[in-house]
Amino acid sequence: APPVPFTGETTNRADYQQWELPRQETPSRSGQPVKHLPFEGTTTNQSDYRAWELPRRDQQQPHPAYQGTGVPFEGKSSYADSYVQHE
């Protein structure tokens with residue numbers, strides 16, 4: 001059987017129609033001249049979040065190096081127990 005063309009309306013087309021927008025009026029110019037302020041070249045982020053001076057922290061002592069007991073390890077890890085090497 002040949003395909004039948006769709007004659008209905010999708011929910012997308014029904015819900016999202018193109019609406020007529022009211023025309024916006026351009027603002028009228030007042031008789032006052034525009035004040036031109038000098039450009040400072042600083043963003044709000046730069047002026048609000050400055051790099052503050054931080055107090056120097058005391059130097060910490062380095063951790064001592066590990067010193068083993070000298071007794072050899074005679075155990076078996078769970079990794080070595082679970083994953084046996086096959087030949």
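**Figure 1. The whole chain and its helices.** Helices here are DSSP runs of H or I with at least four residues, and strands are runs of E with at least two. With that in hand, the secondary structure of this predicted model comes to three helices and zero strands. The chain is more spread out than a compact globule, because its radius of gyration is 38 Å, well over the 12 Å that the globule rule gives for 87 residues. Along the principal axes, the C-alpha trace spans about 90 × 75 × 20 Å.

**Figure 2. The surface of the chain.** How much of the chain is made up of buried residues? The share is 0% of the 87 residues. The accessible surface comes to about 11,100 Å², and carbon and sulfur atoms account for 51% of that surface. Look for the charges too: the chain has 8 positive and 11 negative side chains. The centres of these two sets lie 13 Å apart.

Figure 3. The structure holds one aromatic pair. Tyr79 and Tyr83 form this pair, with 5.2 Å from centre to centre. Their planes are 40 degrees apart, and the pair is tilted. Are these two residues buried or exposed? Tyr79 is exposed, and Tyr83 is exposed as well.

Figure 4. The mean pLDDT of the chain is 85, and 100% of its residues reach 70 or more. Confidence is highest in helix H1 (residues 11–15), at a mean of 89, and lowest in helix H3 (residues 78–82), at 87. A friendly reminder for any model: where pLDDT is low, the predicted coordinates should not be read in detail.

Notes:
Residues numbered from 1 in each chain as written. Predicted model: local features only at pLDDT ≥ 70, side-chain atom pairs only at ≥ 80, totals over all residues. Heavy atoms only, no water. Rg over C-alpha atoms; globule rule 2.2 N^0.38 Å. Buried < 20%, exposed > 50% of the residue type's maximum accessible area, 1.4 Å probe, protein only. Areas by Shrake-Rupley, 256 points an atom, 1.4 Å probe, with all protein chains shown as cover. Lys, Arg positive; Asp, Glu negative; His and termini not counted. Charge placed at Lys NZ, Arg CZ, Asp CG, Glu CD. pLDDT = per-residue confidence, 0-100. Phe/Tyr/Trp six-rings, centres within 6.5 Å; stacked < 30°, edge-to-face > 60°.
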